[in-house]
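Me: I'd like to learn how to read charged contacts in a model. Please walk me through the structure below.

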Amino acid sequence: MRHLDSFEIQPTPPPAPNGVPRSAWSRSRRRASRWHRPYTVALLLLDFAAAVLASYISISLFEKATAGFTDADQDATWFHTVTYLLLPLGWLVVLWANGTYDRRYLGLGTDEFKRVIRAAVTVAASVSFLAFATKTDLSRLSVATALVGALVLILLARYQARFVLHLVRKRAGQAAHRMVLVGTLPECLEVYTAVTRSPAAGLVPVAIHITDGYAAARGMQTPIPVYAGRDVLALVREVGGDTIAVCGSASAEPGELRRLAWQLEGSGIDLVVAPQLTDIAGPRVHIRPIEGLPLLHVEEPTLSGLAWLVKNVIDRVAAAVGLIALIPVFIAIALAIRISDPGPVFFRQPRVGHEGRTFRVWKFRTMYVDAEDRLASLVDQNETDGMLFKIRKDPRVFPVGRFLRASSLDELPQLINVLWGEMSLVGPRPLPADDGDFLGDVRRRLLVRPGITGLWQVSGRSDLSWDEAVRLDLYYVDNWSLAYDLSILWRTIGVVVARKGAY
């Protein structure tokens, strides 16, 4: 990177403890950030135990099918060696070969789980080939149970391990990568904002090294120390970092990025490039090298096709089944509402949906019948920005209605909107139709049907600012997939139980 006269905008990090050389202190901090080593060992043990447990369950369920292998002592010894040792070790080898222990895929995203599934297919193919080659007569049902059981148990174990890792990162601030951001100050601050939105990601920026705009940067207040004119590798070692993130235009300097990569060889420091492609998910981004030049291709969002048709079919079927199954719940809620406040059970409000079409959303009424008349006197107490009106302790909400809101039961009638094709199970939240038109980025949300739940609901709901809610909804529109919908539905369960951001 370019270097001018060295200067420091923020004070340097705290000095090393008395009597400890700074170099030794920095080394200890770097070692502390290498969380993936003990985590990998834990995954190895969990995967091995899961494979052994799956084999034990299979043998217990199909004792008669495996009895022929355990009649003689020698056969029994060999059978148990294969079942409880060689097969689990085979799982570990294949899992390792598929990169499931690579720290780049641990702790975040779906790549880790995809690689586990790919490894399971490889194990199944290998077992089938070996059985055919050795002409071993195996019970297909017991083998299938062992393999599928191992896959399920490994996925569950890794999900729990990731849950513990996220808790450690959120509550203790440990088990994270310490990043030094390199680029102009605005670019670095944008990356800082993006990576710190989710503490569970385990990316902790600890310093910024700016490559341009030195005069403008002087005197600015920044969340982490800012440096310039320093050797980047020396700075990383000084602050105890283990990752360099090259931001925006800094990655475009011919030859500089390659030379930095050469410098980092053998240092144990990771190099990542953060281009200015915010809020675009991995499946839409592909690297296609041409004559040594890695070109970053960004695919169009998938808002049509077979997957979209499947989503619509799932929505209608799930809504129909849900409405039938929830009839007793609907009756109980209706009685509670009528007892609390005489008036209609349902509240219907015009909202803007797919392609700007207006529809009337179904909800259980949670406010007194004169709520609209009392709105004008409460406008100055609005606790949110943007287009919505929210008060944490809204006096217009009756007690039963407060419970319905906190538990999200008031949203259940929206299954009617889903059945009629006006809404989806998952999507951006429906916008009020008072304005009648939406400009700028907000209008992009109208490319898909609004949802009963969505990314904003599982990320904080009413606790989010308007800009953050819009950003999450746009992220969903641009990166939609069936797998993403299933992930949001699963996360919705935890959010509803915790009653997070519901008022």
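Me: How many salt bridges does the structure hold?

Reply: A salt bridge is a side-chain nitrogen of Lys or Arg within 4 Å of a carboxyl oxygen of Asp or Glu. The structure holds 11. This is a predicted model: local features need pLDDT of at least 70, side-chain atom pairs count only at pLDDT 80 or more, and totals for chains, interfaces and linings use all residues. Residues are numbered from 1 along each chain as its sequence is written, and side-chain values use heavy atoms, leaving out hydrogens and water.

Me: Which residue forms a salt bridge with glutamate 112?

Reply: Arginine 162, with the closest N and O atoms 2.7 Å apart. Glutamate 112 lies in helix α5 and arginine 162 in helix α6 (residues 140–172), so the pair ties together parts 50 residues apart in sequence. Helices are DSSP runs (H or I, at least four residues), numbered from the N terminus.

Me: Is glutamate 112 buried or exposed?

Reply: Buried means under 20% relative accessible area, exposed over 50%, partly exposed in between (1.4 Å probe, protein chains only). Glutamate 112 is buried, at 0%. Arginine 162 is buried too, at 9%.

Me: What does lysine 311 pair with?

Reply: Aspartate 485, at 2.6 Å between the closest N and O atoms. Lysine 311 sits in helix α11 (residues 306–325) and aspartate 485 in helix α17 (residues 482–498), so the bridge ties together parts 174 residues apart in sequence.

Me: Where do glutamate 355 and arginine 357 stand on accessibility?

Reply: Their side chains meet in a salt bridge (3.2 Å, N to O). Glutamate 355 is exposed, at 54%. Arginine 357 is partly exposed, at 49%.

How values were computed
Helix = DSSP H or I, 4+ residues; strand = E, 2+ residues; numbered from the N terminus.
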